[in-house]
Amino acid sequence: MDLSDIARKLGLSEHKLLVRKAAELRRLCDVQFDSSIIGVGEVCKAVICLEIAATRFGEVIFDRQKAVKLSGMSEKAYNRSFNSLQNGLNIKTKLDIRELGIQFGCVRLIPFVKKGLSLYKDRFLVSLPSSRQASADFTRPVFTAVAFYLCAKKHKLKIDKVRLIEVCGTSESEFSCVSTSMKDLCHDVFGISSEKKDPKEVKGNRELLDVLPEKRKFDDGGYLSDEGPEPFLLILSL
């Protein structure tokens, strides 16, 4: 199936720049590695390249459910293939709060997530030495995903945590580390912690941005449950 045909089925045919970007990504895949080795067929590869391209254009809404169906894979297998292909292309995931709200059917959470993220960034920066504040990077999608998840819990909305982790391309351990930090620093926004803590007293926050994401494990049962103990934050010497 031609890329333009797939784009048409996904309602993206009018976005010419997006389709061209997807074509470039597919050619790059063919040059850099054999996607069939990781179990990604030609149709699925084209669909994933269109989704990756769509994330580059912030105003384009990508219908992932339709994409999964068109790829001929299960949602779990599609998410794995998406992350594998994206990592192979060395492309960082860009997670949009609005798109998350639409995808998980929780659009009303958008303003709460934005407020929580803004407050978390401010309080996190306070916990860092002044020499490191300028280098703090909150662009990793895990921060957006965790804020979205915690806001959903506060408003008593059920969110598929495993699916959210797959969408943002992180690991359970990194998700839990960021969750612990957000609950400690922003309990008044997320309403999770029973005790508010001073940002400067929360050990490990200044090192959280330094911890590299662990490689995801896709074996069944590889994720921790919400009720399980959260892993300790990795504390490094400054």
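Asp 30 is partly exposed, with a relative accessible area of 48%, where buried stands for under 20% relative accessible area, exposed for over 50% and partly exposed for the range in between (1.4 Å probe, protein chains only). This is a predicted model, in which local features need pLDDT of at least 70 and side-chain atom pairs count only at pLDDT 80 or more, while totals for chains, interfaces and linings use all residues. Residues are numbered from 1 along each chain as its sequence is written, and side-chain values use heavy atoms, with hydrogens and water left out.

A salt bridge is taken as a side-chain nitrogen of Lys or Arg within 4 Å of a carboxyl oxygen of Asp or Glu, and by this rule the count comes to seven. Among them are the following.

| Pair | N to O distance |
|---|---|
| Asp 30 and Lys 45 | 2.4 Å |
| Glu 42 and Lys 45 | 3.2 Å |
| Arg 140 and Glu 174 | 2.4 Å |

Asp 30 belongs to helix α2 (residues 16-32) and Lys 45 to helix α3 (residues 42-56), so their pair ties together parts that are 15 residues apart in sequence; helices here are DSSP runs (H or I, at least four residues), numbered from the N terminus. Lys 45 is buried at 2% relative accessibility, whereas Glu 42 is exposed, with a relative accessible area of 53%. Glu 42 and Lys 45 are three residues apart in helix α3, and are therefore separated by about one helical turn.

Arg 140 lies in the loop between α8 (130-133) and α9 (141-154), and Glu 174 in helix α11 (residues 172-185), so this pair ties together parts that are 34 residues apart in sequence. Arg 140 counts as buried at 18% relative accessibility, and Glu 174 counts as buried at 9%.

Definitions and conventions:
Helix = DSSP H or I, 4+ residues; strand = E, 2+ residues; numbered from the N terminus.
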